Amino acid sequence: MEGISVENKHKIVVAVDESEESMHALSWCLSNLISHNSTAALVLLYVKPPPAMYPSFDVAVHMFSTDVITAVEKYGTDLVNSVMQRAEAVYRNFNKVVNVERVIGSGEAKDVICNTVEKLKPDTLVMGSHGYGFLRKALLGSVSEHCAKRVKCPVVIVKHPHDK
């Protein structure tokens, strides 16, 4: 993890991913929740997708070599670095001193976000909204809605300007 210990400060967790919506939520958070003289700690939370699981009887399992597994793991690491670099570019554009900690989880996003928030006990959770329609949300579920119902701290769901 990078950054400082965030024990006794106003703590804000921002869930970030590859989407433009999450970067917009981060930008909104910096503009609206953190003042210039704030001592707030910003926790950037990225959740890597769970690894693909194959049944033991599947022939494809035998085709995976250590090279393929290494390549997949490298891709995951590169993705984490890419998202965190984009997030860093967003918060560097603000003329505010922000203490940032990076937290990387792995698994189902909704579960990892809720569990991390439970452990960190932040004052606020900020998430972007992908603006999925009713049918897609009904089929896939909404990570932000799930977290808003489950976590104990206030949740701010930031809609992207292109959302209706």
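Me: Is Asp111 buried, partly exposed or exposed?
Reply: The relative accessibility of Asp111 is 32%. Buried would need under 20% and exposed over 50%, so by these cut-offs Asp111 is partly exposed. The model is a predicted one, and the class for Asp111 is partly exposed.

Me: With which residue does Arg150 form a salt bridge?
Reply: The closest N and O atoms of the pair are 3.9 Å apart, and the cut-off for a salt bridge is 4 Å. Arg150 lies in helix H6 and its partner in helix H4, 39 residues apart, so the pair links distant parts of the chain. Arg150 is partly exposed, at 40% relative accessibility. The partner is Asp111.

Me: How many residues apart are Glu88 and Arg92 in helix H3?
Reply: The side chains of Glu88 and Arg92 meet in a salt bridge, 2.7 Å from N to O. Glu88 is partly exposed at 21%, whereas Arg92 is exposed at 59%. Both lie in helix H3, separated by about one turn of the helix, that is, four residues.

Me: At roughly what angle do the axes of helix H1 and helix H3 cross?
Reply: The axes come within 10 Å, and the crossing is right-handed. Residues in the contact include Met23 and Leu26 of H1 and Val83 and Ala87 of H3. The angle is roughly 30 degrees.

Conventions
Residues are numbered from 1 along each chain as its sequence is written. This is a predicted model: local features need pLDDT of at least 70, side-chain atom pairs count only at pLDDT 80 or more; totals for chains, interfaces and linings use all residues. Side-chain values use heavy atoms; hydrogens and water are left out. Axes are lines fitted to C-alpha atoms, for helices over the stretch in contact, and angles run from 0 to 180 degrees between N-to-C directions. Helices (H or I, at least four residues) and strands (E, at least two) are DSSP runs, numbered from the N terminus. A crossing is left-handed if the near helix is turned anticlockwise from the far one by less than a right angle, and right-handed if clockwise. Contact means heavy atoms within 4.5 Å. Buried means under 20% relative accessible area, exposed over 50%, partly exposed in between (1.4 Å probe, protein chains only).
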